[in-house]
Structure formats: C-alpha cells, structure tokens
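Here's a quick briefing for anyone meeting this structure for the first time. Have a look at it, then work through the notes below.

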Amino acid sequence: LEAIGTANANESVSVTSKTSNLVTAISFNDGQNVQAGQVLVELDRAQTEAALAAASAAFAESQSQFNRSRELYTTQVLSESQLEQIEATLKANEARVAFARSRLSDTVITAPFAGRVGLRRVSVGSLINPGTVITTLDDASTIKLDFTIPETLLSSVVTGLGIVARSIAWPDEEFTGTVASVDSRVDPTTRSVTV
C-alpha cells in the first residue's frame with residue numbers, strides 16, 4: 001500500500017505569553033536547539049515584584065494579627081466569629097501571595113520540552129499580549145507521519161506494522177518506522193482511516 005502522508009514533529013508548540021508585558025530579554029537565537037526548562041524570554045518584573053511585596057506584607061500583618069487573636073480567643077476576650085473572620089482574612093492574604101508569585105513566574109518564559117526554536121518574532125522592548133507568538137518550538141527527534149488508508153484495508157494495518165517513508169526533500173533516503181496507532185473512526189465522507 002502506498003499513501004501520501006504529512007510529517008509532523010513529535011512535539012510542536014507556539015511559544016506565547018500568559019500576560020501582557022514588555023520583553024526585557026531574549027535568551028535564544030533563531031534555529032537554536034534548547035533544553036526543557038531553558039529560559040527563552042524574560043518580561044518586565046517591576047510591577048509583579050511590587051505586587052508580591054505588597055501581598056507578602058499584608059500576609060505577614062494578618063498572620064501576626066491572627067496569632068494575637070488566638071491568644072485573645074483563649075481568654076474569651078474575642079468571640080469565635082471574630083477569630084473566624086480574622087482567619088478568613090489570613091487565608092485571603094495567603095492566596096494573594098500565591099497569586100502574586102504565580103504572576104511573577106509568568107515573567108519568565110521557558111521551553112516546555114527540548115527541541116529547536118524557530119524564528120524570533122519579538123524584540124526587546126516589544127509589548128506582547130496573551131497569544132502573541134514569540135517563536136515556535138519543535139521536537140523533531142522523532143517524526144510522526146499521518147496518512148490515510150481506505151476502509152477496505154483497515155484489517156491489514158495493525159499497531160507495530162513496519163512502514164517505509166520517502167520525502168521529496170531527501171529523494172535518496174528511506175525512513176523506516178512502525179505504525180503507532182490507527183484512528184478509531186472511519187471518515188464517513190472519504191471512507192478512509194487515519195494512521
């Protein structure tokens with residue numbers, strides 16, 4: 001059986017930001033191989049660091065107030081509802097600290113997996129928004145080849161079956177592989193199955 005297929009990287013992603021912010025540093029070159037967790041881009045941290053400092057101060061103050069209130073509660077100077085309200089404020093401030101830390105971590109964009117970055121689409125000083133593509137990242141250490149076969153040949157294609165692929169880009173090379181999976185549904189229009 002011969003079929004025309006589409007080659008895809010094992011993992012492929014467009015690297016974007018979660019927040020709107022200014023790019024302060026770019027730590028990769030076009031086409032560079034990067035490791036998982038490697039810093040790609042740094043964004044402005046000033047506002048998020050200030051928000052974390054404010055949240056930490058509020059948390060420390062509410063923790064101190066809660067500790068004093070527990071002592072007052074044991075001596076029955078403070079009611080249980082007042083203590084619960086102070087404890088709720090403590091938990092809210094603790095959540096604000098966690099949120100501020102999360103926002104601070106969003107100012108550093110790292111590679112989610114090892115691979116090769118594409119072209120850089122931003123510059124230092126650029127204002128980026130969520131969804132703005134900074135670059136692409138592809139792990140081409142393994143190539144996935146998707147192709148379709150007619151429904152009538154479905155019984156002859158099983159997981160583990162050997163395949164040979166050729167590419168017009170490398171006409172003298174043959175690439176070997178195995179069938180990793182067969183789609184569970186037949187396309188009702190073309191009566192074909194994706195492998």
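Asn 21 sits opposite Ile 128 in β7, and that puts us at the contact of strand β2 (residues 21-26) with strand β7 (residues 127-128), an antiparallel pairing over two bridges. Strands here are DSSP E runs of at least two residues, helices are H or I runs of at least four, and both are numbered from the N terminus; two strands count as paired if DSSP finds at least two bridges between them.

Keep in mind that this is a predicted model, where local features need pLDDT of at least 70 and side-chain atom pairs count only at pLDDT 80 or more, while totals for chains, interfaces and linings use all residues. Residues are numbered from 1 along each chain as its sequence is written, and side-chain values use heavy atoms, with hydrogens and water left out.

**The open sheet**

- β2 also pairs with strand β4 (residues 39-43), in the antiparallel sense and over three bridges.
- In that pairing, Ile 26 faces Val 41 of β4.
- Put together, you get an open sheet of four strands in the order β5-β4-β2-β7, with antiparallel pairing.
- Its edge strands are β5 (108-110) and β7, and each of them pairs on one side only.

**Pairings of β8**

- β8 (135-150) is one of the strands lining the largest pocket, and β8 also pairs with β1 over 10 bridges, running antiparallel.
- Within that pairing, Glu 11 has Asp 139 of β8 as its bridge partner.
- Strand β6 (residues 115-117) joins β8 too, antiparallel and over two bridges, with Val 117 opposite Leu 137.
- Strand β11 (residues 192-194) is linked to β8 by three bridges, again antiparallel, and here Pro 150 stands across from Ser 192.

**The helix pair**

- Helix α1 (residues 46-74) and helix α2 (residues 80-105) pack at about 160 degrees, with their axes 8 Å apart; axes are lines fitted to C-alpha atoms over the stretch in contact, and angles run from 0 to 180 degrees between N-to-C directions.
- The residues of the contact of α1 with α2 come out as 13 nonpolar, eight polar and eight charged, where Ala, Val, Leu, Ile, Met, Phe, Trp, Tyr, Cys and Pro count as nonpolar, Asp, Glu, Lys and Arg as charged, and the others, Gly among them, as polar.

**The pockets**

- The largest pocket has a volume of about 1,200 Å³. A pocket is an open set of points on a 1 Å grid over the protein atoms alone, where a 1.4 Å probe fits, with protein on both sides within 12 Å along at least five of seven lines; lining residues have an atom within 4 Å of a point. Points are joined across faces, edges and corners, and the volume is the space filled by probe spheres set on them.
- Of the 35 residues that line the largest pocket, the closest to its centre are Leu 145, Phe 147, Ile 163, Val 164 and Ala 165.
- β8 gives the most to this lining, with seven residues.
- By class, the lining of the largest pocket has 19 nonpolar, 11 polar and five charged residues.
- The second largest pocket holds about 170 Å³ of space, and β1 and β5 each supply at least two residues of its lining.
- Residues lining the second largest pocket include Val 13, Lys 18, Asp 106 and Pro 112.
- Its lining splits into five nonpolar, five polar and two charged residues.
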